[in-house]
Amino acid sequence: MNNILIIEDEQRVANLIKQGLEEQGFITTVANDGETGKQLAIVNHYDIIITDIILPGMNGIDLCREVRLQKPTVPIIMLTALGTTDDKVEGFDAGADDYLVKPFDLRELHVRIRALLKRNQNNNNLQGFILKYAGLELNLSTKIVKRDDKEISLTPKELKLLEYMMQNPERVLSRTEIAEQVWDTTFDTGTNFIDVYINYLRKKVDKDFETKLIHTKPGLGFIFKKIPHENKN
Ligand code: CA
């Protein structure tokens, strides 16, 4: 279920949009002035915000700007009777994602809403595929590793080891845990197999950078953690 906030001072138009969206299965909230709309938009979670531009209290452009500061990713559609290019530019500058000129067809509004919901869904999925820590990035779908935007080439095992460490940051990982999770096996204690791979990884991921991320915890294992060079221990 998607929640939609409608900010529109003309009761007739607000009701029309509300009914149309509820028929499509959306949950809607209506605010009749800019100030109320802004408060609702900031305090609650909405999947889409639809706002008129000329509103009592606070206009749609200012509202959009203020909401953007708090909610950088919520899709905002602007509605207005004004349709000049300047208005559109101002709306987009304020952070609106889309723009509809009144009078508009409800079907057109549905199309725009679906497109924005899909776009946000795709962005969320994509973000879930990239592990990020202290300038280091591992894209789980493309397997590309970058540190400070410089690409790092890793072997499949190194990649798997780094992936495991990045998924468990700032936690001591024992050699047994690493063996089980990365190699699907248990090693005899005393093997330096993992230490060898940790060193390979260090050479590629840490050697050329001031801040070291992979650290040995004597007697315990390893930790993936941002520790500045001067405080290294
Ligand atoms: Ca209005």
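Look at the hairpin of strand 11 and strand 12: three residues sit between the strands, and Gly219 has a positive phi near 80° there. Keep in mind that this is a predicted model. Strand 11 covers residues 212–217, and its pairing with strand 12 is antiparallel, over five bridges. Within that pairing, Thr216 has Phe222 of strand 12 as its bridge partner.

Strand 12 has another neighbour. Strand 10, residues 172–173, runs antiparallel to strand 12 and is joined to it by two bridges. Here Leu173 stands opposite Phe222.

Next, the aromatic side chains. The model has three aromatic pairs. One of them is Tyr133 with Phe224, a tilted pair at 5.0 Å centre to centre, with 55° between the planes. Tyr133 belongs to strand 6, residues 130–133, and Phe224 to strand 12, so this contact ties together parts of the chain 91 residues apart in sequence.

A second tilted pair is Phe193 with Tyr197, at 5.4 Å centre to centre and 45° between the planes. Both residues lie in helix 8, residues 193–205, and they are four residues apart, about one turn of the helix. Phe193 is partly exposed, at 32% relative accessibility, whereas Tyr197 is buried at 18%. Together with Tyr200, Phe193 and Tyr197 make up one aromatic cluster.

Last, the metal site. Which residues coordinate the calcium ion? They are Asp9 and Asp52, each through OD, and Ile54 through O, at 2.1 to 2.4 Å. Along the chain these donors follow the spacing D-x42-D-x1-I. The two aspartates come from distant parts of the chain, 43 residues apart: Asp9 is in the loop between strand 1 (3–7) and helix 1 (11–23), and Asp52 is in strand 3, residues 48–52. Their surroundings can be compared too. Asp9 is partly exposed, with a relative accessible area of 33%, while Asp52 is buried, with 5%.

That is what I have; I will take questions now.

Technical notes:
Residues are numbered from 1 along each chain as its sequence is written. This is a predicted model: local features need pLDDT of at least 70, side-chain atom pairs count only at pLDDT 80 or more; totals for chains, interfaces and linings use all residues. Side-chain values use heavy atoms; hydrogens and water are left out. Donors are N, O and S atoms within 2.8 Å of the metal (3.2 Å for Na, K and Ca); water is not among the atoms, so sites may look incomplete. Buried means under 20% relative accessible area, exposed over 50%, partly exposed in between (1.4 Å probe, protein chains only). Two strands pair if DSSP finds at least two bridges between them. Rings of Phe, Tyr and Trp (its six-membered ring) pair if their centres lie within 6.5 Å; planes under 30 degrees apart count as stacked, over 60 as edge-to-face and the rest as tilted.
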